[in-house]
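Please look through the model below with its sequence beside it.

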Amino acid sequence: MFALPPRLIRALADATSVELEELADRWTARLRSADGDEMTDDDLLAVLQAVSRLAASAVTTGGGLYNWSF
């Protein structure tokens, strides 16, 4: 598990829908160039939008944002 830095949390919270779309497009392009195909079936824009909402909540409440995988 790791905590996202406050600067990243603020950037995600403040990101516009256009910025999130552009980031999702760049992310998708990078995945394709690295593997020649998409590595995930996830809707990357939907993932970024959800993380952005979590970041906005963290900023509003003064909390943090954490990631973990298993």
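A residue is called buried when its relative accessible area is under 20%, exposed when that area is over 50%, and partly exposed in between, with a 1.4 Å probe and protein chains only. By this scale Ala-3 is partly exposed, with a relative accessible area of 46%, and of the 70 residues of the protein 20% count as buried.

This is a predicted model, in which local features need pLDDT of at least 70 and side-chain atom pairs count only at pLDDT 80 or more, whereas totals for chains, interfaces and linings use all residues. Residues are numbered from 1 along each chain as its sequence is written, and side-chain values use heavy atoms, with hydrogens and water left out. The mean pLDDT (the predictor's confidence in each residue, from 0 to 100) is 89, and 90% of the residues reach 70 or more.

The protein has three helices and two strands, where helices (H or I, at least four residues) and strands (E, at least two) are DSSP runs numbered from the N terminus. Along the sequence these elements follow the pattern β-α-α-α-β. Ala-3 lies in strand β1 (residues 2-3) and, when residues up to four places away in sequence are not counted, touches Leu-65 and Tyr-66; contact here means heavy atoms within 4.5 Å. The C-alpha atoms of Ala-3 and Ala-34, by comparison, are separated by 26 Å.

Turning to the helices, the axes of α1 and helix α3 (residues 44-61) come within 7 Å and cross at roughly 115°; such axes are lines fitted to C-alpha atoms, for helices over the stretch in contact, and the angles run from 0 to 180 degrees between N-to-C directions. In this contact, Ile-9, Arg-10, Leu-12 and Ala-13 of α1 meet Val-51, Ser-52, Ala-55, Ala-56, Ala-58 and Val-59 of α3.

Arg-10 also takes part in a salt bridge with Asp-14, in which their side chains meet at 3.8 Å, N to O. Because Asp-14 and Arg-10 are four residues apart in helix α1, they are separated by about one helical turn. Arg-10 is partly exposed, with a relative accessible area of 43%.

Key:
Salt bridge = Lys/Arg side-chain N within 4 Å of Asp/Glu carboxyl O.
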